Amino acid sequence: MKKICNVQTTSQSNYLKVIPEQKDRISPEVEEYHYKVVSAPEMHSDLTRSNLPPLEDRPFVRLRVTCDILGIVGMWKPDGGFQKALHGDWSYEFKTNISHSAPILCFFDSQDSNRFTISVSELSKDICFTTGVHEETAEIYTEIIIYLTDSSQPYHFCCRIDTRPLRFEQIIQETAVWWDLLLPEETMPVPEEAISPMYSTWYSYHQELDQQNLLRECHMASEMGMRSVIIDDGWQTRDNHRGYGYCGDWVNESSKFHDFREFVDNVHRLGMKCILWYSVPFLGKFSDKWETYKNLCLHYEPSLQAGVLDPRYPQVREYLISVYREALLTWDLDGFKLDFIDSFRDYKDTPPFGHGMDYSEISQAVHRLMIDIRHTLLEIKQNLMFEFRQNYIGPQIRRYGNIFRVADCPLSGITNRVGITDLRLLSGSCAVHSDMLLWHKLESPEDIAIQIINCIFATLQISVRLDSLEPRQRQVLEHYIDFSVKYRETLLKGSFTAKSPLGLYPVLLSATKDIKICAVYEENYCVDFSDSSDIWELWILNGTHGNIQYVILPDHILYSVVQKDCMGKIVSKTDLKTSNKQVLSIPSLAGGSLCFIKQETASLPC
């Protein structure tokens, strides 16, 4: 396949000289282009094509990459969501930096195989990708702009081109490994509690929190198999209007929690961990700390009634670290939900680098802040959990967090499914969590089960009022929590396959040595297990309202087939002898499951 990696650089007033340092051919189909950028006191005209958006008035490096469109049907990027189709090169742009997404584009074919993947080594600075189909040549043009805050120092970067015809998941996962090798810090360790089901207060209570009511809720959650509670926004303020005007002091609101340490101790007695929410950058104008730090902000947002703290000031970082350290020591917390760190960025009113700042780049200051939070808190208590939310889920964030959660998508099973899958492909050992699950009080058990099945390849977060569940709703929830715990090694750590990204993953599979679990989200899909003769336990979870499941099983094996409904009740149990790779049609209930258990002593001769 033809591929070109040309590099030009420009700014509105300064020319930055690019020096090719080396080109490494890792394999016949993987190449790395290494460059060094230095400043040069030359005037240079703007090189942008007229159909691209205007560039910012600061130094930058431009990479121009071209590939032929041969078999390519779609494009994957970390925060693509539902948008995985090709576009014209005049219409598509996305940005990455330390706290937003990751710098990778994977172009795939109709067989879910990689055709052309571009990634770069810059994982902190602002990057702008413009990519798409160039109509005149039927090629894909990709322009990558890396913005440099300080162009006086030499800058090195690498562009990696991967054309191996492997499944797209493998290419993405190996790119994440490549990034890990580039970064000096190790990824955060993931405690076992981070992959156990959790209860969240956000959708179920929002800011209407009460210590006694919540403790009763935790008691029920513990009985159902949830092992942590996330106390979300509202614990720190009497105001219940979802604003951030009272953020910044981070003292528990006594009318809601009269003794927060007592509450945490009681949670621990239930066998649960306690994770506490913080909106890291926001300093509310009604907080006591406002007068102290109001002039140390990147931006003030009237709609939030809050400023965005500027981490370039060491006293800002010291203050934030002291908040979390004191909370950990005083309340014996087990984790922190650190929200909105993507708000640490440039705004139109952001002050330039100046007196009192020790970092010129916001991304550098964010990295220092988060690394210092990690080291300070882990010195006090090991096995802490740190949750971050899509789309601050890039390689650097794995150095500070061990839980990545899907962005808020209440009641949308497909959004959860796509978000979970995209996170699974790029997040390595990090625990991937669903967005919190909720449903209407009159929702059917089948539809609750289908929503949970959409999230089954992630750690489940639940956010419904447990004391108001109808008995059948409770049975569904208990059944799938039990299933997710019993099979979590396969569901969360197995070999993961994501079918048809262009179709938004209508089928997902994960397998370990003896168990394979397949979830189907499209009616009349035929599951092909014909290559699974060594697997002892094959599962199909029905994430649809269809009542027939089509499957091809390995030849000449005797299986015990167990059909369960959405509440986990066994509906039927039969024996099945397979032959000639037949397409079998087997009854399957909405939100239910089929399990094919291989009979060890009953294999049939060929």
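Why is strand β32 largely enclosed by the rest of the structure? Point 1 takes this up.

1. **Strand β32.** This is a predicted model. Strand β32 covers residues 593-598. Of its 6 residues, 5 are buried, so the strand is largely enclosed by the rest of the structure. Buried here means under 20% relative accessible area.

2. **The partners of β32.** Strand β27 (residues 537-542) pairs with β32 over 5 bridges, in the antiparallel sense. Look for Leu541, which stands opposite Ser593 of β32. Strand β29 (residues 558-564) also runs antiparallel to β32, and 6 bridges join the two. There, Ser560 has Ile597 of β32 as its bridge partner.

3. **A sheet of 3 strands.** Now move to an open sheet with the order β15-β17-β16 and antiparallel pairing. β15 and β16 are at the edges. Each has a single partner strand, so one side of each lacks a neighbour in the sheet. From one strand to the next, the twist averages 30°.

4. Which residues of β17 cover its two faces? In a regular strand, side chains alternate between the two faces of the sheet. In β17 (residues 306-309), Ala306 and Val308 are on one side. Gly307 and Leu309 are on the other. All of these are buried, and both faces are covered.

5. **Bridges to β17.** Strand β15 (residues 282-284) is joined to β17 by 3 bridges. Leu283 has Gly307 as its bridge partner, and Gly284 has Ala306. On the β16 side (residues 297-301), the pairing with β17 is antiparallel, over 4 bridges. Tyr300 of that strand stands opposite Gly307. So which residue in the turn between β16 and β17 has a positive phi? That residue is Gln305, with a phi of about 55°. The two strands form a hairpin, with 4 residues between them.

6. **A sheet of 8 strands.** Another open sheet has the order β21-β20-β19-β18-β14-β13-β12-β22. Its pairing is parallel. The edge strands are β21 (431-433) and β22 (461-462), and each pairs on one side only. Helix α8 packs on this sheet and touches β20 (403-405) and β21. The direction of α8 makes about 170° with that of β21. Within the sheet, β12 (residues 198-200) and β13 (residues 228-231) run parallel and are joined by 3 bridges. Met198 stands opposite Ser228 in β13.

7. **Helix α8 itself.** How many residues of α8 are buried? The count is 12 of 14, and the helix is mostly covered. Among the buried residues are Asn416, Arg417, Asp422 and Arg424. Others in that list include Val418, Ile420, Leu423 and Leu425. α8 (residues 413-426) reaches 21 Å from its first C-alpha to its last. That is close to the 20 Å expected at 1.5 Å a residue. After the helix comes Gly428, whose phi is positive, near 55°.

8. **Helices α9 and α10.** Helix α9 (residues 445-453) packs against helix α10 (residues 471-486). Their axes are 9 Å apart, at an angle of about 25°. Angles under 35 degrees count as roughly parallel, and α9 and α10 are therefore roughly parallel to each other. Their crossing is right-handed. On the α9 side, Pro445, Ile448, Ala449, Ile452 and Ile453 take part. They meet Arg472, Gln473, Val476, Leu477 and Tyr480 of α10.

9. **Pro314 and Ser363.** Each of these residues lies in a helix: Pro314 in α6 (residues 314-331), and Ser363 in α7 (residues 362-380). Is each one buried or partly exposed? Ser363 is buried, with a relative accessible area of 12%. Pro314 is partly exposed, at 22%. Now leave aside neighbours within four places in sequence. Ser363 is then in contact with Ile98, Ser124 and Lys125. Pro314 is in contact with Gly356 and Asp358. The C-alpha atom of Pro314 is also separated by 8.8 Å from that of Tyr359, and the two residues are 45 residues apart along the chain.

Technical notes:
Residues numbered from 1 in each chain as written. Predicted model: local features only at pLDDT ≥ 70, side-chain atom pairs only at ≥ 80, totals over all residues. Heavy atoms only, no water. Buried < 20%, exposed > 50% of the residue type's maximum accessible area, 1.4 Å probe, protein only. Pairing = 2+ DSSP bridges. Contact = heavy atoms within 4.5 Å. Expected span 1.5 Å × (residues − 1). Axes fitted to C-alpha atoms, helices over the stretch in contact; angles between N-to-C directions. Parallel < 35°, antiparallel > 145°, perpendicular 65-115°, else oblique. Left-handed = near helix turned anticlockwise from the far one by under 90°.
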